[in-house]
Amino acid sequence: MYVLAKDDSLVALDAATGKQVWVHPTGPYTTKLTTDRGIDYWQSKDGKQRRLFFARDNRLYAIDARTGQTIPSFGDGGFVDLRKGLGRDPKTLALVQSLSPGRVFENLLILGSATNQGYGSGPGDIRAYDVHSGRLVWSFHTIPHPGELGYKTWPKNAWKTVGGVNCWMEMSVDAKRGIVYVPTASPKYNFYGADRRGKDLFGDSLLALDARTGKLLWYFQMVHHDIWDYDNATAPKLLTVRHNGKTVEAIAQPSKTGFLWVFNRLNGKPLWPVKERRVPASDVPGEQTWPTQPYPVKPAPFARQQFTEKDLSPYLSTTERAKFRKELEGARNQGLFTPPGLRNTVEMPGNNGGANWGGAAADPRSGMLYVLSKDLPCMLKLTPDKGNPRHLESGFGFMFTRSGLSPIAPPWTSLTAYNLNTGAIKWKVPLGDVPELAAKGITNTGAMYPKTGPVVTAGGLIFAGTRDGKVRALDVRSGKVVWEKQLSSPIAGIPAVYESHGREYIVFCAAASSSPRAKAPVIAHGAYVTFYLPGSPGKVPSAGLAATVR
């Protein structure tokens with residue numbers, strides 16, 4: 001097992017005992033920017049070569065998975081500078097690497113990036129590197145260059161100045177067909193697009209690329225001219241479903257908007273109709289919103305898409321209820337895709353709501369998909385940029401009570417089960433609790449601030465951790481909790497399921513909380529906590545092993 005620990009070092013552990021095998025320090029460094037949402041692993045067909053890949057301070061590194069030693073023949077003495085090859089001066093690019101890993105396909109490592117959020121950010125090109133040499137094999141321009149498909153959806157030469165349209169999240173690979181599916185983020189700046197009028201392909205899209213060449217096979221754009229920061233932040237999921245009496249190889253993309261998009265993964269055709277609907281226009285000088293946005297007819301949304309006075313939480317104090325009612329009454333609030341303006345604008349789902357990083361799991365055999373989502377409204381307001389009067393910036397903020405709760409009525413975090421053979425929601429349950437409310441007997445509210453993802457097992461269980469410090473196993477048929485365990489710290493990331501010496505394990509990352517509003521217990525050191533599952537598939541853990549590291 002390879003984990004991030006010990007001052008951002010990479011650490012190899014014996015997967016059955018938690019015993020440390022080796023440590024690879026990642027410093028010295030300047031920005032403390034490390035891939036912390038997973039590590040890429042590759043091995044040769046004969047198993048003699050095994051490599052790990054991670055990014056640090058905008059550099060891609062390769063190390064020997066058996067020894068933890070840097071591989072000097074990779075790139076320039078063991079690393080590749082990710083700021084190079086983007087058509088910009090590398091010195092102007094403060095942020096390129098993503099905190100998420102890429103995807104290994106054959107002898108290629110396919111990477112996205114995490115550009116800055118503001119004006120002048122770098123472009124989000126998707127790139128593939130040779131795992132042996134570090135050589136750049138192909139690039140796909142997410143902001144099209146002259147002559148490329150989508151170029152005319154931007155102002156002339158936008159590719160030289162506009163940034164974003166990146167994949168900071170996870171990708172998915174159909175290894176059998178050699179296709180990599182890439183969800184993209186919004187163009188930058190996030191909330192004002194006067195310098196990028198048009199649909200802005202391939203922002204907020206799902207791309208199907210030939211994994212060997214980077215050639216575009218098909219695409220679908222979920223948000224035109226995004227000014228809401230509605231990234232496709234969750235990895236698309238590959239499933240096989242029965243649709244109209246036929247077997248279909250499908251792909252499902254959850255989104256921050258609360259929509260679930262389902263396509264034929266070979267040709268990109270939606271399994272159910274998608275309709276372009278008119279949406280509110282911007283009243284901000286210079287801004288030109290796209291007049292329509294796509295709405296899938298089916299499946300039904302998994303998150304709430306409006307926030308009005310009738311949706312206020314019953315757990316607000318009298319003073320807080322009056323405060324939020326006043327804010328809502330004075331804000332522009334026309335539902336989904338209300339454009340941010342010079343006065344307060346309600347955004348629901350907020351740009352940190354809906355489905356986010358790691359927020360889904362799929363059973364590819366049954367056609368079931370499970371989406372973890374949060375309902376967190378946001379209040380946006382554009383103000384002049386002091387550094388450039390032609391630019392506007394957002395003093396946006398998530399809407400919280402003084403105690404750190406959302407002002408919208410719970411549940412605040414939910415797990416929704418979709419049967420994608422029919423497009424119907426099978427069940428939906430709150431996931432987690434808020435410790436302060438649970439102590440008063442108020443449960444089933446859903447935990448706040450999930451930074452976690454679920455996994456589903458062949459034995460019929462969904463495992464998920466939450467910010468209340470609990471790990472749970474749920475029955476895939478009903479969403480009922482069949483096992484839970486309280487840990488000493490909030491859960492972060494996605495659990496991993498694996499087998500070692502004939503025994504099945506699941507490991508969670510219990511990490512000290514970085515949120516000043518988080519109310520769950522906080523410990524000084526994080527821990528990787530591993531449970532084993534005795535007996536046949538489908539049984540819940542009965543014992544645990546803990547590897548606690550700084």
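Proline 411 lies in the loop between strand E29 (397–398) and strand E30 (413–419). Strands (E, at least two residues) and helices (H or I, at least four) are DSSP runs, numbered from the N terminus. The peptide bond from proline 410 to proline 411 is cis, with omega near 15°. A cis peptide bond also joins methionine 348 and proline 349, with omega about 0°. Proline 349 sits in the loop between strand E23 (345–347) and strand E24 (360–363).

The model is predicted; local features need pLDDT of at least 70, side-chain atom pairs count only at pLDDT 80 or more, and totals for chains, interfaces and linings use all residues. Residues are numbered from 1 along each chain as its sequence is written, and side-chain values use heavy atoms, with hydrogens and water left out.

Positive phi values occur at two non-glycine residues, aspartate 200 and asparagine 444. Phi of aspartate 200 is about 65°. This residue is in the loop between strand E15 (187–188) and E16. Its relative accessible area is 1%, so aspartate 200 is buried (under 20% relative accessible area; exposed is over 50%, partly exposed in between; 1.4 Å probe, protein chains only). Phi of asparagine 444 is near 60°. Asparagine 444 is in the loop between helix H2 (435–438) and strand E32 (455–456). At 54% relative accessibility, it counts as exposed.

Aspartate 200 is among the residues touched by glutamine 221. Contact means heavy atoms within 4.5 Å. Beyond four places in sequence, glutamine 221 also touches Lys199, Leu201, Gly203, Asp204, Ser205 and Pro294. Glutamine 221 belongs to strand E17 (residues 216–221). It is buried, at 5% relative accessibility. A polar atom of its side chain lies 3.0 Å from the backbone oxygen of lysine 199. The glutamine 221 side chain also makes a polar contact with the side chain of histidine 224, at 2.7 Å. A polar contact is a pair of N or O atoms within 3.5 Å; within protein, one must be able to donate a hydrogen and the other to accept it, and residues adjacent in sequence count only if both atoms are side-chain atoms.

Three strands form an open antiparallel sheet in the order E18-E19-E20. Strand E18 (237–243) and strand E20 (260–264) stand at the edges, each with a single partner strand, so one side of each lacks a neighbour in the sheet. E18 and strand E19 (residues 246–254) pair over seven bridges; pairing requires at least two DSSP bridges. Histidine 243 has lysine 246, in E19, as its bridge partner.
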